[in-house]
Amino acid sequence: MKEKWWHDKTAYQIYPKSFKDGNGDGIGDLRGIIEKLDYLKELGIGILWISPVYQSPFVDQGYDISDYYAIDPAFGTMEDMDELLAEAKKRNIAVVMDLVVNHCSDRHEWFQKALKDPFGKYGQYFYIREGKNGNPPCNWRSYFGGSVWEKLPGYENLFYLHMFAKEQPDLNWENPELRQEIYKMIRWWLEKGVAGFRLDAIINIKKDLRFCDFPTDREDGMCAGSKMLEHAEGVHEFLQEMKEEAFAPYHAFTIGELFDYRQDELERYIGEEGCFESIFDFSPHVLGGCEQGWYNRRKVSPDEFRNAIFDSKRVSQDIGMMANIIENHDEPRGVSRYLPEGEVNETSKKMLAGISLMTFGLPFLYQGQEIGMTNKQFRSIQEVDDISTIDEYRVALDHGLDEEEALKAVAGMSRDNARTPMQWNGGTYAGFSEAAPWLMVNDNYPEINAEEQENRETSVLSFYKKLIALRTEPEYTETIVYGKQVPVLEGLTNFVGFYRQGTGKTLLVLANYQREKRTVCVEAEIKKVVLDNCNTDGDWKQITKTKDGSQISMEGYQFLILEVA
């Protein structure tokens, strides 16, 4: 693999509205991020992905952009953005912004002009089509529920396409003039000093232009909009053009959000000549899903989690470096999702951290993950802000669940779990703000917060710092960043084991993914215990040398990194 500047970095996602309030209005902002740059530097972060701070009506929390060239006043000013870029650069932190170009806001100037003249220049910036006798052109369901088609105001049989909320009209990438407008905007931000972009929902930019019906998958008579992606051809041409005209001249770092790509096309995305530098590895995140809705999801087992990661790395590690995550702004908290109920504690949280950061790929943390933040307990649907959760709640009610059952069924997957304010300390509003936050703070902030963990050697935060530091430790960098990942002891239940084989050193990673103790045998001689989430005093008596290798006695949820001969 050709070495690149970002390979040995650890990345961190900030959801600005919930990270740190710098002006006391209850909403996180750019000044709050600047205030915490030293915290991020000390954690070991080298890349900072900031979710949208562009001007927006906030129908979808900033992912509905009304002006790509403006900072929304809720987050500050363009001067604040310039200061953030300058201060991050001083700390050797590269700033990556969100690029949301599958759709814009219905308040964007382009769409407002399209409303006035659907058949004119700006009407061609969107997908405006005639319906079928007053009904939508086809039966696709939006990602947020309901039809992807909305009637154009003032027209009886004209509809516009929106794969997400109706306030987020999809941009027509078939229009070369529209594409050039997007590339111009990208270059403008790169000129300002942004290091690159995370590309939101990017595979959706290519549509199946037949706009035909597909077999229904729910009682509403519609089918998931993602079904369309199976028939849309030609997205790579758009992506390569964007790379060549906007990204490549600036050597920009790009990471794509792709859920529905075809595995046999992975090289076209992250190979030597791929469209992006990296894409997120969502293989564990699609587990347990159901076409009928969140209410019918099932809990993911440790073995399913392990197998998804292993299968993904078998395919990807010889092609390129994917980004490993256990949570983000669109997902629930990883410790609540992937650890058994009732067994979420600091030991198991460290184990999950170790698996994620030692797996081949670029580690991506989400704000609060480093202190082990958990899902929130919602008392009623009125506490929920997320539009997708509210839609799934209605789906659950429609399928016969009462209000209490429906809330419980969807709460575990709610995006609001990750959007509750960052828990900085045990003071008022968790140290996030002096004013009441825009979204309620998780009730457990007095026990789980950064201040309490910062100087405690056994904390989750301290363990993350050690894991991150290993990635740039000269002794182990080559092995952890580029070493081949080879599974071991795959036949064991509730267990994750793999080698990271570098050119000079080999590390063995072991995780006992259960409460019960166990003993495992490996055909390797243990030279050194590099990291252990259970034992910090250096007395590792649980490793015994055998004639065939080593026998290791492991505590429940124990995680080990071992240097082997």
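Biologist: In this predicted model, which residue's side chain meets Arg179 in a salt bridge?
Modeller: The salt bridge has an N to O distance of 2.7 Å. The pair links distant parts of the chain, 62 residues apart, with Arg179 in helix H5 (residues 176–192) and its partner in helix H6 (residues 235–247). That partner is Glu241.

Biologist: Is Arg179 buried or exposed?
Modeller: Buried means under 20% relative accessible area. Arg179 has a relative accessible area of 11%, so the residue counts as buried.

Biologist: What separates the closest N and O atoms of Arg91 and Glu87?
Modeller: Both Arg91 and Glu87 are buried. The two residues form a salt bridge, and their closest N and O atoms are apart by 3.0 Å.

Biologist: Which residue forms a salt bridge with Arg456, and how is Arg456 itself classed by accessibility?
Modeller: The partner is Glu452, with the closest N and O atoms 2.8 Å apart. Glu452 has a relative accessible area of 33%, which makes Glu452 partly exposed. For Arg456 the relative accessibility is 24%, so the class is partly exposed.

Biologist: Which residues are linked with Asp60 in a network of salt bridges?
Modeller: The structure holds 50 salt bridges. The network that includes Asp60 brings in both aspartates and arginines. Linked with Asp60 are Asp330, Asp386, Arg415 and Arg419.

Biologist: Which residues gather with Glu404 in a surface patch, and what is the charge of that patch?
Modeller: The patch contains Asp402, Glu403 and Glu405 along with Glu404. Asp and Glu count as negative, and the charge of this surface patch is negative.

Biologist: Where in the secondary structure does Glu404 lie, and why does Glu404 count as exposed?
Modeller: Glu404 belongs to helix H12, which covers residues 403–411. A residue is exposed when its relative accessible area is over 50%. Glu404 counts as exposed because its relative accessibility is 68%.

Biologist: What radius of gyration does the protein have?
Modeller: The C-alpha trace spans about 80 × 55 × 50 Å along its principal axes. A compact globule with 565 residues would have a radius of gyration near 24 Å. The protein agrees with this, at 24 Å.

Biologist: What percentage of the residues in the protein is buried?
Modeller: Arg91 and Glu87 are both buried, and so is Arg179, at 11% relative accessible area. Of the 565 residues in the protein, the buried ones make up 61%.

Conventions:
Residues are numbered from 1 along each chain as its sequence is written. This is a predicted model: local features need pLDDT of at least 70, side-chain atom pairs count only at pLDDT 80 or more; totals for chains, interfaces and linings use all residues. Side-chain values use heavy atoms; hydrogens and water are left out. Patches are made of residues with over 30% relative accessible area and no salt bridge: like charges are joined within 9 Å, nonpolar side chains (Val, Leu, Ile, Met, Phe, Trp, Tyr) within 5 Å. Accessible areas come from the Shrake-Rupley method with a 1.4 Å probe; for residues, only the protein chains shown count as cover. A salt bridge is a side-chain nitrogen of Lys or Arg within 4 Å of a carboxyl oxygen of Asp or Glu. The place of a charge is taken as NZ of Lys, CZ of Arg, CG of Asp or CD of Glu. Helices (H or I, at least four residues) and strands (E, at least two) are DSSP runs, numbered from the N terminus. Buried means under 20% relative accessible area, exposed over 50%, partly exposed in between (1.4 Å probe, protein chains only). The radius of gyration is taken over C-alpha atoms; the globule rule is 2.2 Å times the number of residues to the power 0.38.
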